[in-house]
Amino acid sequence: MTDATVSTYANAGGPETALPLATSSRASKRKARKIAAKGPKRKITWDRVWAQRALLVMAVPLLLYQILFKYVPAYGWVIAFQHYRPGRGNVWNQQWVGLENFRNLFTGVNGKQFRNVVLNTLGQSLLSLIVGTIGAIVLALLLNEVKNFPFKRVLQNITYMPHFLSWVIVASLAAVALSLPTSGGFINQGLMNLHLIDHPILFLTQPHYFWGIVAGTNLWKELGWNTILYLAAITAIDPTLYEAAEVDGAGRYRKMFNITLPGIRPTIVVLLIINSGWILSTNFELPYFLGNGLVAQRAQTIDVFVLHYGYQLGNYSLAVVAGIFKTIVAIILVGSANLAAKRLNQETLV
Amino acid sequence: MATIASEPATIASEPLSHDPSHARSPRKKWTTERIVFTTLNTTFLVLLAALMIYPLLNTLAISFNNGQDAIRGGIGIWPRVFSLQNYGVVFHMSTLYQAFFMSVLKTVVVVATNLFFTSMLAYALSRNEFIFRRSITLIFVATMYFDAGLIPNYLLIKDLGMLNSFQAYWVPTIISAFNLILLRTYMKSIPEEVIESARLDGAGEFRTWWQIIMPLCKPTLAVIGLFVAVGSWNSWLDTLLYNSNEQWLSTLQYELQKLLSSSMASGMNGAGQAGGAAAAAAGGQVTSPIALRSAITMVAAVPILFVYPFLQKHFVSGLMIGSVKG
């Protein structure tokens, strides 16, 4: 922003926002001062603030709102150091226990369970991320080979659609698909028709299937949606590269592996990095809806743990400790992910 | 910045086929390789699309099937014994009616407040001369990463006295930082001259925002509105946390989840349909949990599926705006 725009604003934008009677003297004074103080550095003066009072009226209440709803709740973190009982009134009227909750969660009575919970979160997220990324890249490459435009449109519309369904519905569809043939479980039905299995498998009762089920359901929901950015990246590749390759006699796969894939590599890297920053924050609804007592050892993620202990069992303090752990790790992950993206000299998304 | 104006068509369109050089190229003959590849590729993609849409078609078929007959299983994408009985039961459940209208009301209020406040702030932050724009933007962007957590957020809503009230649905969510950045980026791409000419005509900041900038942002507002609407319609956790004690505040997704969780157990362990029978009994008529569940799933999914075709070209462009750095 240059000084020219500032003074343009001061001249053109200032007076019209002011009350008609009060403007003239102020405006002229400000104009004079602006012209006089045309230094390289623009200070925040009361005059400038006053000139922008309309913008401030627009922004400041919403800023306060955001601080209230996003930052102020952090006062609740103090109950991590308390033996919190809702019946005792507000958070300042509680029994302080120091780091006892932290010890319980990380090494004490809940230690083993919490380590397992973190493992589940990482396992489900990483598996979903890897499967989802590879799937989306492959689908984008294949869609890119479709030359029939209306057909391609139809394919895209169908594959984008599950993205818009709620997790409640998706979990319901998944539960039906994975159930016994008599309950509509067409996956079992299909496997039996293909003679791959003799008896239907109760997928949702066996822990070792659970991570795979989460990754598969995520893949179903987001596969098409995730191709959008890759398809856009493919569109941005210089077409003359393909022409040159064709002149050199390169075939379809040669072009795919030597032009298209390297061309979308930056996109792949950035998306992987950005998504890995969110690894503890994904996967709440699916493990919550599909999980049950039989598969809990593989199903329970940090968010499910927090909801279970905090909201349902009333152990607020333990849940808050787990929440703090998640937030801090997430910030570290997102921060280093962005740093890594910058190091690689890539544009960070958003 | 120029990329922002790009139409969704550029994404969906085929770079090679639209390239004039290919029309000239003698290479594009139907070689054996090309025929084989195209056949295989088309087959694979059609199968994939079928896999994507089959669960929904299957649910749709079961929802229109006779409840008792559905228990036998083996229904594909067409009802075996056609019946409207399941929908009859669903539409006689007063709780579902209420939940449906609550979901609609909540979505409308959330979208309206979101668009209004997000665009107002985005306008202020898009003005280059605004002194605090950097610090305010930073404070908002940081909230994309900082989350106090579920329990602290719950305690805040409780301390503000918004538990079991309609306010808990929309007040905490009137601005999303992501949409704010999206909209601000788009507004920044609007030529400065537009605003200057508005100034010359004597328009103040509020008038410039509402009458000049807002109409220019319609495509982006449509995208944001779509995302917010889908998010609000699909949300379930807010009802559970804040409003699960008041039946009249229940939403469709929440009611659906309640019914599903009771019938899910039966589907899983194969021990019969006992759990979901409660849901069937709630309707006072004889159907089966699986058929009823399918009908409710469709009721919850249909509004989304119905608006989907009309909006699909917008969201691609919206996602692209989000991915372009401002």
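Analyst: UniProt positions are given here in this document's numbering with shortened feature names, and annotations may be inferred rather than shown by experiment. This is a predicted model, in which local features need pLDDT of at least 70 and side-chain atom pairs count only at pLDDT 80 or more, while totals for chains, interfaces and linings use all residues. Residues are numbered from 1 along each chain as its sequence is written, and chains are lettered from A and ligands numbered from 1 in the order in which they are written.

User: Which residues of chain B does UniProt list as "transmembrane region"?

Analyst: The listing comes from an unreviewed UniProt entry. For chain B, that record gives residues 35-57, 99-124, 136-157, 169-187, 208-233 and 290-311.

User: What is the mean pLDDT of chain A?

Analyst: Residues 1-26 of chain A stay under 50 in pLDDT. Across chain A, 86% of residues reach 70 or more, and the mean is 81.

User: How many residues of chain B are in contact with chain A?

Analyst: Two residues are in contact if their C-beta atoms, placed from the backbone, lie within 7 Å. Chain A brings 89 residues to the interface, and the number from chain B is 87.

User: How many residues are charged on the side of chain A that touches chain B?

Analyst: Ala, Val, Leu, Ile, Met, Phe, Trp, Tyr, Cys and Pro count as nonpolar, Asp, Glu, Lys and Arg as charged, and the others, Gly among them, as polar. On this side of chain A, 57 residues are nonpolar and 22 are polar, while the charged ones number ten.

User: Which residues of H3(B) does H7(A) touch?

Analyst: The axes of H7(A) and H3(B), residues 32-63 of chain B, come within 9 Å and cross at roughly 35 degrees (axes are lines fitted to C-alpha atoms, for helices over the stretch in contact, and angles run from 0 to 180 degrees between N-to-C directions). By class, six residues of this contact are nonpolar, one is polar and none is charged. From H7(A) come A:Leu155, A:Ile158 and A:Thr159, and they meet B:Leu45, B:Ala49, B:Met52 and B:Ile53.

User: How are H7(A) and H10(A) oriented to each other?

Analyst: H7 (residues 149-160) and H10 (residues 210-235) of chain A pack with axes 7 Å apart at about 130 degrees. A:Gln156, A:Thr159 and A:Tyr160 of H7(A) make the contact with A:Leu223, A:Gly224 and A:Trp225 of H10(A). Angles under 35 degrees count as roughly parallel, over 145 as roughly antiparallel, 65 to 115 as roughly perpendicular and the rest as oblique. The two helices are therefore oblique.

Conventions:
pLDDT is the predictor's confidence in each residue, from 0 to 100. Helices (H or I, at least four residues) and strands (E, at least two) are DSSP runs, numbered from the N terminus.
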